[in-house]
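These notebook entries record what I looked up in one structure, entry by entry. The sequence and the structure come before the notes.

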Amino acid sequence: MSHVLILGGDGYLGWPTAMYFSERGYDVTVVDNYFRRNACTALDTGMLYPVPTLIERAHIWHEKTGREIKVVIGDLAEPDVMRRLFDGRVTYAWAVNQAFSGIPETVVHYAEQPSAPYSLMNYEAADFTVVNNLRVTNNLLWAIRDFARDTHLIKLGTMGEYGTPNIDIEEGWLEIEHKGRKDTFLYPRQAGSLYHTTKIMDTDLMWFGVRMWDLKVTDLMQGPVYGIETDESAIDDRLKTIFNYDEIFGTIVNRFVTQAVVGYPLTVYGGGGQTRGYLNIRDTLQCVHVSEKNPAKSGELRIFNQIMETFSVNQLAELTQKVGNRRGHEVEVKSIPNPRKEAEEHYYNPAYQGLQEMGVKPHYLTEEVMDRLFEVVEQYKGNIRKEVIFKGVKW
Ligand SMILES: NC(=O)c1ccc[n+]([C@@H]2O[C@H](COP(=O)([O-])OP(=O)(O)OC[C@H]3O[C@@H](n4cnc5c(N)ncnc54)[C@H](O)[C@@H]3O)[C@@H](O)[C@H]2O)c1
């Protein structure tokens with residue numbers, strides 16, 4: 001059984017990924033320090049429904065499927081917490097069997113502060129984002145360097161690393177001709193938030209590790225993810241992933257659907273022409289799985305753009321309004337002055353065929369898919385607190 005170590009396993013993507021691999025027979029260990037939950041409590045962001053702790057969820061998963069997801073609770077920004085995962089000194093907070101699962105064949109690294117507005121809330125949050133994200137990545141690279149050179153690292157980056165350049169966006173690399181000579185470099189990066197900038201710095205750290213120590217790395221430039229359900233969460237309601245609908249931790253489609261359900265106007269920033277690539281949570285799982293099945297080679301930094309289609313903010317608002325109105329909600333779209341410093345009209349043409357060529361079958365954001373998202377959110381309408389949606393973070 002191949003061992004997959006998932007860092008950030010309590011998160012929106014981490015927990016569904018853990019169940020996905022466990023269901024397919026992998027030996028799975030998850031690690032988290034509950035940063036995300038604690039930040040949600042501290043900022044009073046509200047969650048669509050309560051979610052059991054990571055330990056409780058691992059227990060429920062075991063009860064329902066007979067499968068074991070080992071849980072470690074700890075701060076991965078602490079070097080020793082990371083190193084124990086590789087040298088056998090780890091203590092599991094929950095496991096059927098306390099025996100060390102061994103050096104993982106694959107590490108999926110999700111464990112970062114993932115919000116652009118959070119990173120620009122104030123100095124303290126900015127400092128936390130930079131220190132947390134870079135330390136976790138650096139600790140991981142050194143642990144792999146020292147104990148696990150054969151381990152394949154799958155790291156979640158973001159399409160936001162590229163910004164919105166006025167040329168086509170390639171999958172990670174760009175061939176440049178300069179004064180008659182050619183070379184290939186990391187595609188130029190120019191992020192629009194401090195959070196996204198930490199992802200650029202992560203990419204640079206990993207590129208260093210690949211060049212110096214022949215590490216095997218896949219860096220996935222992911223777009224904003226939407227959705228709640230996966231095949232594994234359908235087994236029991238308590239296995240559903242965390243779902244935020246506020247401006248800080250809620251991603252745009254999830255937020256718009258929730259706003260539509262409670263009659264809160266869909267807040268379009270400025271002109272609404274900001275175009276980005278999106279994907280369904282089910283496709284995140286597929287992308288990570290195909291990357292795991294086809295690992296990067298030793299000394300390779302492989303980069304894929306992890307999106308399935310592109311939309312402007314106006315197109316997302318129109319789709320949400322159309323589906324919402326058909327379902328009997330009165331959905332209003334309202335443009336507000338843009339709190340961010342970003343282009344509201346721009347060229348956007350990213351390449352993203354690499355993961356599909358390896359076998360990912362996209363789920364597109366159709367009206368039916370959005371209908372299903374509405375259905376789930378409507379079930380929890382009574383829990384939605386309008387006053388926590390807007391936080392007014394400015395760049
Ligand atoms: N969700 C998206 O739309 C999206 C889009 C692009 C990229 N990403 C990236 O994918 C990854 C997962 O995103 P997500 O939406 O699941 O975020 P999330 O916040 O739900 O999950 C990240 C998890 O990592 C944990 N974590 C953070 N710092 C930690 C530390 N020092 N030690 C231990 N655990 C720590 C958090 O508590 C959280 O549970 C992140 O790196 C994010 O930047 C997400």
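**Entry 1: salt bridges**

I began with Asp237, which forms a salt bridge with Lys240, the closest N and O atoms being 3.2 Å apart. A salt bridge here is a side-chain nitrogen of Lys or Arg within 4 Å of a carboxyl oxygen of Asp or Glu. The model is a predicted one, in which local features need pLDDT of at least 70 and side-chain atom pairs count only at pLDDT 80 or more, while totals for chains, interfaces and linings use all residues. Residues are numbered from 1 along each chain as its sequence is written, and side-chain values use heavy atoms, with hydrogens and water left out.

I then looked up the accessibility of both partners, where buried means under 20% relative accessible area, exposed over 50%, and partly exposed in between (1.4 Å probe, protein chains only). Asp237 counts as exposed because its relative accessibility is 52%. Lys240, at 5%, is buried.

How many salt bridges does the count come to by this rule? I noted 26.

The next pair was Arg37 and Asp10, whose closest N and O atoms are 2.5 Å apart in a salt bridge. Arg37 lies in helix α2 and Asp10 in the loop between β1 (3-7) and α1 (14-23), so this pair ties together parts 27 residues apart in sequence. Helices (H or I, at least four residues) and strands (E, at least two) are DSSP runs, numbered from the N terminus. Both Arg37 and Asp10 are buried.

I also examined Glu378, which forms a salt bridge with Arg327 at 2.9 Å between the closest N and O atoms. Glu378 belongs to helix α12 and Arg327 to the loop between α10 (313-326) and β14 (333-336), so parts 51 residues apart in sequence are tied together by the pair. Glu378 is partly exposed at 23% relative accessibility, and Arg327 is partly exposed at 28%.

Which residues of helix α2 (residues 35-43) are buried? I listed Phe35, Arg36, Arg37, Ala39 and Cys40. The cover over these buried residues includes β2, α3 (54-65), α5 (116-119) and α6 (123-147), a contact being heavy atoms within 4.5 Å. Asp44 follows α2 and has a positive phi, near 50 degrees.

For helix α8 (residues 252-261) I found 10 of the 10 residues buried, so the helix is largely enclosed by the rest of the structure. Among them are Arg255, Phe256 and Gln259. The elements that cover the buried residues of α8 include β9 (225-226), β10 (266-269), β11 (275-280), α10 and α12. Gly263 comes after α8, and its phi is positive, near 70 degrees.

**Entry 2: cysteines**

I looked for disulfides, meaning pairs of cysteine sulfur atoms within 2.5 Å. The structure holds zero. Cys40 is buried at 5% relative accessibility, and Cys287 is buried at 0%.

**Entry 3: the second largest pocket**

I read off a volume of about 180 Å³ for the second largest pocket. On a 1 Å grid over the protein atoms alone, a pocket is an open set of points where a 1.4 Å probe fits, with protein on both sides within 12 Å along at least five of seven lines; lining residues have an atom within 4 Å of a point. Grid points are joined across faces, edges and corners, and the volume is the space filled by probe spheres set on the points.

The lining includes Tyr226, Glu229, Arg282, His363 and Arg372. The elements giving two or more residues to this lining are α9 (281-293) and α12 (367-379). Which element gives the most to the lining? It is α12, with four residues. I sorted the lining into six nonpolar, three polar and three charged residues; Ala, Val, Leu, Ile, Met, Phe, Trp, Tyr, Cys and Pro count as nonpolar, Asp, Glu, Lys and Arg as charged, and the others, Gly among them, as polar.

**Entry 4: two single residues**

Not counting residues up to four places away in sequence, Asp27 touches Met1, Ser2, His3, Val4 and Ser101.

Val131 is in helix α6 and is partly exposed, with a relative accessible area of 39%. The C-alpha atoms of Val131 and Pro224 are separated by 23 Å.
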